[in-house]
Amino acid sequence: MATTAELFEEPFVADEYIERLVWRTPGGGSRGGPEAFDPKRLLEEFVNHIQELQIMDERIQRKVEKLEQQCQKEAKEFAKKVQELQKSNQVAFQHFQELDEHISYVATKVCHLGDQLEGVNTPRQRAVEAQKLMKYFNEFLDGELKSDVFTNSEKIKEAADIIQKLHLIAQELPFDRFSEVKSKIASKYHDLECQLIQEFTSAQRRGEISRMREVAAVLLHFKGYSHCVDVYIKQCQEGAYLRNDIFEDAAILCQRVNKQVGDIFSNPETVLAKLIQNVFEIKLQSFVKDQLEECRKSDAEQYLKNLYDLYTRTTNLSSKLMEFNLGTDKQTFLSKLIKSIFISYLENYIEVETGYLKSRSAMILQRYYDSKNHQKRSIGTGGIQDLKERIRQRTNLPLGPSIDTHGETFLSQEVVVNLLQETKQAFERCHRLSDPSDLPRNAFRIFTILVEFLCIEHIDYALETGLAGIPSSDSRNANLYFLDVVQQANTIFHLFDKQFNDHLMPLISSSPKLSECLQKKKEIIEQMEMKLDTGIDRTLNCMIGQMKHILAAEQKKTDFKPEDENNVLIQYTNACVKVCAYVRKQVEKIKNSMDGKNVDTVLMELGVRFHRLIYEHLQQYSYSCMGGMLAICDVAEYRKCAKDFKIPLVLHLFDTLHALCNLLVVAPDNLKQVCSGEQLANLDKNILHSFVQLRADYRSARLARHFS
């Protein structure tokens with residue numbers, strides 16, 4: 001195996017190198033088996049290879065030493081060369097500094113010479129220019145213009161410059177001596193000005209922007225420059241209003257002019273602002289006036305719609321124009337333009353709005369009552385009515401005649417939606433058209449109109465009518481429709497509350513009117529809740545009255561004390577069946593008429609009164625053994641009916657009543673044990689005794705001794 005330096009290049013692994021050496025040595029590896037292994041041969045190969053490695057190491061070492069010497073020699077030569085370059089650089093830098101000083105000196109001399117030349121040349125140029133002006137002035141003085149600059153139409157730019165200067169000079173001359181020449185110069189000034197404006201107009205029609213820019217630059221020093229701008233603005237608008245939407249046309253016009261005005265005039269923002277002012281004060285103002293004046297007195301609804309639409313579109317156009325450069329305070333500029341158009345309409349806007357809203361709301365309500373063939377009755381106010389109301393709340397006495405409304409609630413969601421829609425539109429117009437300082441006050445005025453017509457004229461009137469239509473508690477087959485009034489009133493008030501939060505609150509949230517609106521809303525809610533509570537209470541009394549009539553008509557004394565104890569075939573009495581059917585119907589009606597905790601509150605009140613009625617009803621009869629069993633069955637059915645209430649208190653009351661009925665049938669010997677049971681232990685002994693006294697065998701079985 002030849003030993004070379006390449007064998008030791010990275011990555012070098014000594015174990016692999018030895019393995020390859022052994023494998024290449026005859027008799028040194030595993031080839032041929034153990035018999036072929038020759039350790040002497042392998043040792044000899046190792047010794048020879050070590051000698052080769054030593055020789056190679058010496059050779060490489062000599063080469064390294066040679067390279068190190070060569071490297072040291074080259075480093076010395078390079079260091080010497082760098083020193084020479086540094087010296088050359090220092091010399092060059094000194095030459096550069098000398099050259100820089102010389103250039104500065106020459107430049108100073110040149111500047112000084114230039115100043116001297118300018119000092120000599122400027123007066124000379126002025127003198128030459130003055131001489132020319134005197135020459136042209138003499139031509140005007142002689143009355144004959146011979147110079148080519150005045151006779152050649154192609155030199156109108158030079159002529160304009162000369163006549164402009166002569167015009168300024170003429171202003172300083174005394175009138176009595178130079179009146180004629182001043183007049184001639186002024187006439188020529190005017191003629192050239194007209195020619196330039198005509199040239200600008202022609203260039204604009206041809207679309208030659210560069211020529212327009214040249215002429216505008218010349219006219220800039222003339223008095224007629226503003227007329228040039230007016231001509232440009234007028235011609236820009238020719239053919240610009242071809243669509244039906246003048247606002248879109250105006251936006252497109254301004255965008256087009258904004259792109260080219262900077263290429264023509266030296267003050268583009270002023271020209272564009274003047275164009276916008278012209279559009280607003282002439283085109284838009286005329287259009288707005290035509291749209292509003294024809295319906296201002298004849299049709300308030302259309303007038304308000306048009307005013308809102310036109311104002312919105314004008315402000316939208318203003319927002320688009322804010323993108324352009326119109327000077328420093330473009331927001332104030334555009335606001336003033338809008339105000340100049342609409343100020344006469346916005347001053348009395350809220351009066352028109354509230355007047356229309358009142359008449360529209362009154363018409364919606366009247367149209368509804370007319371469709372019902374109903375003449376609204378006046379709801380009394382004052383001391384007598386307030387006294388009646390307080391007495392009615394405390395006693396539930398139907399003061400005054402009951403009104404038969406034939407089940408009509410006089411509440412309409414369609415009417416409410418129409419009123420809320422009208423008010424919503426009024427709030428939107430108020431937000432857009434009101435001055436920010438007047439916005440909360442105007443929104444509050446609209447809110448008071450909504451309260452007047454929706455809450456008082458519609459909901460409150462329906463509640464008063466509903467209260468008057470509730471029959472007395474002893475009426476037979478009474479139509480208890482007040483719960484329908486409750487259901488619709490709740491739905492309507494949810495809609496009212498949603499509009500209050502969605503449309504009114506954003507307009508008044510940061511003003512003192514917020515607390516005023518919340519207080520007014522609170523008063524309305526409390527007033528309505530008071531009337532709803534009164535109506536519900538009287539309706540529950542009517543329900544109990546109906547149950548009393550059913551029990552009085554259907555319950556017989558023989559039901560609980562049959563003549564034939566062994567021939568009782570019914571599970572519960574007919575009175576129980578009809579009462580339970582009636583109660584279930586009323587419970588379902590209450591659940592459909594109310595929501596949330598109100599359902600539980602009313603059902604609990606009805607359940608307590610229902611229990612009291614059944615309790616007092618059972619106290620009226622005497623019970624035999626089979627009659628007691630039938631009473632237990634009836635109470636079990638009442639209890640099943642009470643489960644529909646889903647009120648724990650009501651179910652507990654009927655569970656207790658069911659336990660009390662067990663006292664009617666329990667064996668005399670077990671009576672004391674039953675009375676001390678879990679359900680009856682906490683009851684007063686007098687209550688237990690009163691139920692035991694209802695038993696037919698109370699005296700014969702001497703049951704009184706259990707309570708002595």
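Where is the place of Lys 646? The loop between helix 20 and helix 21 holds this residue, with helices (H or I, at least four residues) and strands (E, at least two) taken as DSSP runs numbered from the N terminus. The model considered here is predicted, so local features need pLDDT of at least 70, side-chain atom pairs count only at pLDDT 80 or more, and totals for chains, interfaces and linings use all residues. Residues are numbered from 1 along each chain as its sequence is written, and side-chain values use heavy atoms, with hydrogens and water left out.

Backbone geometry gives a friendly place to begin. Most residues other than glycine have a negative phi, and most peptide bonds are trans. Lys 646 is not a glycine, yet its phi is positive, at about 60°. Lys 646 is also exposed, with a relative accessible area of 68%; here buried means under 20% relative accessible area, exposed over 50%, and partly exposed in between (1.4 Å probe, protein chains only). Arg 702, likewise not a glycine, has a positive phi of about 50°. Arg 702 sits in the segment after helix 23 (685–692) and counts as exposed at 59% relative accessibility. Another loop residue worth a look is Ser 266, between helix 8 (246–264) and helix 9 (268–293). Ser 266 is exposed, with 58% relative accessibility. The C-alpha atoms of Ser 266 and Ala 217 are 7.5 Å apart in space, while the two residues are 49 apart in sequence.

Charged side chains come next. The structure holds 26 salt bridges, each being a side-chain nitrogen of Lys or Arg within 4 Å of a carboxyl oxygen of Asp or Glu. One of them joins Glu 353 and Arg 429, with an N to O distance of 2.8 Å. Glu 353 belongs to helix 12 (residues 349–371) and Arg 429 to helix 14 (residues 413–433), so this pair ties together parts that are 76 residues apart in sequence. Both Glu 353 and Arg 429 are buried. A salt bridge also links Arg 639 and Asp 655, at 3.3 Å from N to O. Arg 639 lies in helix 20 (residues 625–643) and Asp 655 in helix 21 (residues 648–661), so the pair ties together parts that are 16 residues apart in sequence. Arg 639 is partly exposed, its relative accessible area being 24%.

In the salt bridge between Glu 208 and Arg 206, the closest N and O atoms are 2.9 Å apart. Glu 208 is partly exposed at a relative accessible area of 33%, and Arg 206 is partly exposed at 46%. Salt bridges also link Arg 584, Glu 637, Lys 640 and Asp 644 in a network.

A pair of aromatic rings is described by the distance of the centres and the angle of the planes. Rings of Phe, Tyr and Trp (its six-membered ring) pair if their centres lie within 6.5 Å; planes under 30 degrees apart count as stacked, over 60 as edge-to-face and the rest as tilted. By this rule there are 16 aromatic pairs. The rings of Phe 447 and Phe 500 have centres 5.4 Å apart and planes at 65°, so they are edge-to-face. Phe 447 lies in helix 15 (residues 439–469) and Phe 500 in helix 16 (residues 482–508), so the pair ties together parts that are 53 residues apart in sequence. Phe 447 and Phe 500 are both buried. For Phe 610 and Tyr 638, the ring centres are 5.9 Å apart and the planes stand at 90°, so this pair is edge-to-face. Phe 610 is in helix 19 (residues 597–618) and Tyr 638 in helix 20, so the pair ties together parts that are 28 residues apart in sequence. Phe 610 and Tyr 638 are both buried. One aromatic cluster is formed by Phe 447, Phe 493, Phe 496 and Phe 500.

The surface patches complete the picture. Patches are made of residues with over 30% relative accessible area and no salt bridge, with like charges joined within 9 Å and nonpolar side chains (Val, Leu, Ile, Met, Phe, Trp, Tyr) within 5 Å. Tyr 105, Val 106 and Val 110 make a nonpolar surface patch of about 290 Å², the area coming from the Shrake-Rupley method with a 1.4 Å probe. Val 106 is in helix 2 (residues 39–142) and is partly exposed, with a relative accessible area of 39%.
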